[in-house]
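This report describes selected features of one protein structure. Please look at the sequence and the model before reading on.

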Amino acid sequence: MEQIKIHHFGPVKDLNVSILPLTVFIGTQGCGKSTVSKVLTICRDMSWILRLLKSEEDLMKPFAKFCIDEFFYGDTEIQYEFEGDLGHYVITYTKGVFGIEVLEQTKEEFATKVQQFLLHSNQALLSQLGVSDFNDPSVMEKYGKIINSNARTILYVPAERNLAGTLSTSLASMLAAQVPLYDALIEYMSVFEKAKNTQKDYDVPFLDAHFTIKDGKERIRIADGQDGSERLLPFQACSSGIQSVLPLVMVIDYALKLECFDSFVIEEPEQNLFPTNQRELLKFLMHRMDRLHNLVITTHSPYILSCLNVTLLAYRIINEFDDGYEHLKEVYDGVYLSDELISVYSLDPESDIYCKSLIDEKTHLIGINSLDSVSDVIGDEYDRLYHLYLKLKRAK
């Protein structure tokens, strides 16, 4: 069980949502999608929770790292509740003070569990990375970014990720030069750096692209025409879609292999992708959900919602009809998920209801009016213009 409530924090007005295995936030720019997912990511930071349990100072540090430390107002309230293997706890922020309540065990018992979790998860991660001497002072220097993000149990994939392909080869020099990059981007790039060095041959079938490192150079092998021939291109010279998506899917597979994260927050997975590839990326993500605690997506794309609706409808066919699966196989080879595993929320600062669930309680599908209201507006404008055109044409 995971739930978050936020009142008057940055662009977020009032929000009370359950975080399910797949949670989607959709809305216009600046409506608060990223803000909610950043607060969620911070609340899943076990090292921060440990500091909170010990009443340590500098609890604002992770908010500063996500550039949301100035989003607090005098009446800001935050409540995050989680129940899992470590226990059941509630984090609060009210009247300018953070607090934590632990249920069914003492704070001391919970703090011990959190410390053990951090120790074991970091040692397991380092072992997977080939480290045997955990006390080696060079370990933090080499793996610090992935260890620190691993403490959050949730990897935040920022919208700026398309820079990872272009800049990843320069990561070390940029860090040495203290180039002021967004912390979440640096962490993501650091994980990508480890991922590509352990997966020097990696396929992305839905893009017809194959990543390879040969003679120290990063290349993409792509199909060239209908004759089946292929060619190698420098990764940095490939399309923006490939540069955005390939690091993302590679990082997810790498992280799941290492078991260093059990959740992901992905900003705008549709970035730089044609609608059909948006669908394929979403299918890729849903296929990996059996190994995830949850996946949180922020999006502007109605195509993402349409793809989710197909997934929900496919599940209804299987669930409601005895031979539904046999019939489904004839027309559909995608993923099917119950609405009990998916939550979809629209955030709209201009609406009377700032945060609204888009899944209809009766149909268990996303309401048809929520899928692409913009297209309706554009269609209305087109109809008005076309009627005006005909009117003027007749009068001429």
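This is a predicted model: local features need pLDDT of at least 70, side-chain atom pairs count only at pLDDT 80 or more; totals for chains, interfaces and linings use all residues.

Six strands make up an open sheet, and their order across it is 7-12-13-3-14-15. The pairing within this sheet is mixed. At the edges lie strand 7 (154-157) and strand 15 (355-357), each of which pairs on one side only. On average, neighbouring strands of the sheet are turned by 15° against each other when direction is ignored.

Strand 3 (residues 22-27) and strand 13 (residues 294-299) run parallel and are joined by five bridges. Within this pairing, V24 stands opposite I297 of strand 13.

## Helix 1 on the sheet

Helix 1 (residues 33-43) packs on the sheet. The strands that helix 1 touches are strand 3, strand 7, strand 12 (263-267), strand 13 and strand 14 (342-347). The direction of helix 1 makes about 155° with that of strand 13.

## Helix 2 and its surroundings

Helix 2 (residues 46-53) is mostly covered, with six of its eight residues buried. The buried residues are M46, W48, I49, L50, L52 and L53. They pack against helix 1, helix 3 (61-65), strand 5 (88-94), strand 6 (97-103) and helix 4 (107-128).

After helix 2 comes S55, which has a positive phi near 55°.

## Aromatic rings

The model contains 20 aromatic pairs. One of them is formed by F211 and F235, whose ring centres are 5.8 Å apart. Because planes over 60 degrees apart count as edge-to-face, and the planes of F211 and F235 stand at 80°, this pair is edge-to-face. The pair links distant parts of the chain, for the two residues are 24 residues apart. F211 belongs to strand 9 (residues 209-214), whereas F235 lies in the loop between strand 11 (230-234) and helix 9 (240-258).

Are F211 and F235 buried or exposed? A residue is buried when its relative accessible area is under 20%. F211 has 0% relative accessibility and therefore counts as buried. F235 also has 0% relative accessibility, so F235 counts as buried.

Ring pairs also link F9, W48, F63, F71, F72, Y93 and F98 into a cluster. One member of this cluster, W48, is among the buried residues of helix 2.

Conventions. Residues are numbered from 1 along each chain as its sequence is written. Side-chain values use heavy atoms; hydrogens and water are left out. Rings of Phe, Tyr and Trp (its six-membered ring) pair if their centres lie within 6.5 Å; planes under 30 degrees apart count as stacked, over 60 as edge-to-face and the rest as tilted. Helices (H or I, at least four residues) and strands (E, at least two) are DSSP runs, numbered from the N terminus. Buried means under 20% relative accessible area, exposed over 50%, partly exposed in between (1.4 Å probe, protein chains only). Two strands pair if DSSP finds at least two bridges between them. Axes are lines fitted to C-alpha atoms, for helices over the stretch in contact, and angles run from 0 to 180 degrees between N-to-C directions. Contact means heavy atoms within 4.5 Å.
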